[in-house]
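Hello,

Here is the structure for your files. My notes on it follow below.

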Amino acid sequence: MRTITILLLLCSLATGLLLADIQTPNRIPIEMKLSTFRALENRCWSPGVEFENAPQDIALTYYDYMPGSYNGSCFAIQPLQAQPYGSDADGLYLAYMYQENSTSQRRIYYTYINAAGEMNPHSAISPNSVREGFVIVDIDPVTANPFAIWHSDVDGDGLVEGMFSYDLYNLVGGPGLWHQPEPIINNPIPE
C-alpha cells in the first residue's frame, strides 16, 4: 500500500511539473503605445444647417406628431443647382403627416422652403385620399429632385404598402410636380 501511495504522489508531481511547463507562454507580451488605438468616432448624423429666420407656422393639424419616420429623415436639403437644366435649387423639403380636421384622413404633406427662407404653401404629395403615414424624404444630389417614401393601404386589404413618389423639381425649376405614387412594397394578402 505504501508503494502505491508513493507512485501516485510521484505521478501527481510529474503531471503537475509537465502541465506547468506546457502552460508557460512562448511569446512575450509586447507593450503597445496608446497612439496605436484610435478613438471611437461619433456615428450620429446631424445636418449642417442653421436657420436664420424666425419659426413659421405651417398649418394647424389634428395629428399629434407631424414629423416622423422609421430610420430616415423628414427633411432634405437640395444642392445649389438642379441639373441638367441648371435652375437654382438650394432649398429644403420638409415632409410630414397632416390631418386637416378631426374627421379627415391623416395624409402625407410637404412644404418647400427656398434659399431665402420663404415657405411655399404646404400641399399633399399623393392625390389618393387614404390614410398615410411615416414619411422619409431624400434628395437626388444631381437633379435636386426629392424622393418620398411612406406607407398607406392603397389596395384596401388591411395591410399597408410602401409608397414612393418624386417631385420633378429640375423639370419645372420649382416644387410641386409630384409623380403619381407607386407601391414599391406590397404586403401579401393575409390568409
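**Surface, composition and sheet**

The protein chain exposes about 13600 Å², and carbon and sulfur atoms supply 59% of that area; accessible areas come from the Shrake-Rupley method with a 1.4 Å probe, and for residues only the protein chains shown count as cover. This is a predicted model, in which local features need pLDDT of at least 70 and side-chain atom pairs count only at pLDDT 80 or more, while totals for chains, interfaces and linings use all residues. Residues are numbered from 1 along each chain as its sequence is written, and side-chain values use heavy atoms, with hydrogens and water left out.

Of the 191 residues in the protein chain, 27% count as buried, meaning under 20% relative accessible area (1.4 Å probe, protein chains only). For contacts (heavy atoms within 4.5 Å) between residues at least 6 apart in sequence, 47% join residues at least 24 apart.

The protein chain has two helices and ten strands. These are DSSP runs numbered from the N terminus: helices are H or I with at least four residues, strands E with at least two. Along the sequence the pattern reads α-β-β-β-β-β-β-β-β-β-α-β.

Four strands form an open sheet in the order β7-β8-β9-β10, with antiparallel pairing; pairing requires at least two DSSP bridges between two strands. At the edges are β7 (132-139) and β10 (182-185), each of which pairs on one side only. The twist averages 30 degrees from one strand to the next, with axes fitted to C-alpha atoms and angles running from 0 to 180 degrees between N-to-C directions. Strand β9 (residues 161-166) pairs with β10 in the antiparallel sense over three bridges. Gly-162 stands opposite Ile-185 in β10.

Regards

Conventions: Buried < 20%, exposed > 50% of the residue type's maximum accessible area, 1.4 Å probe, protein only.
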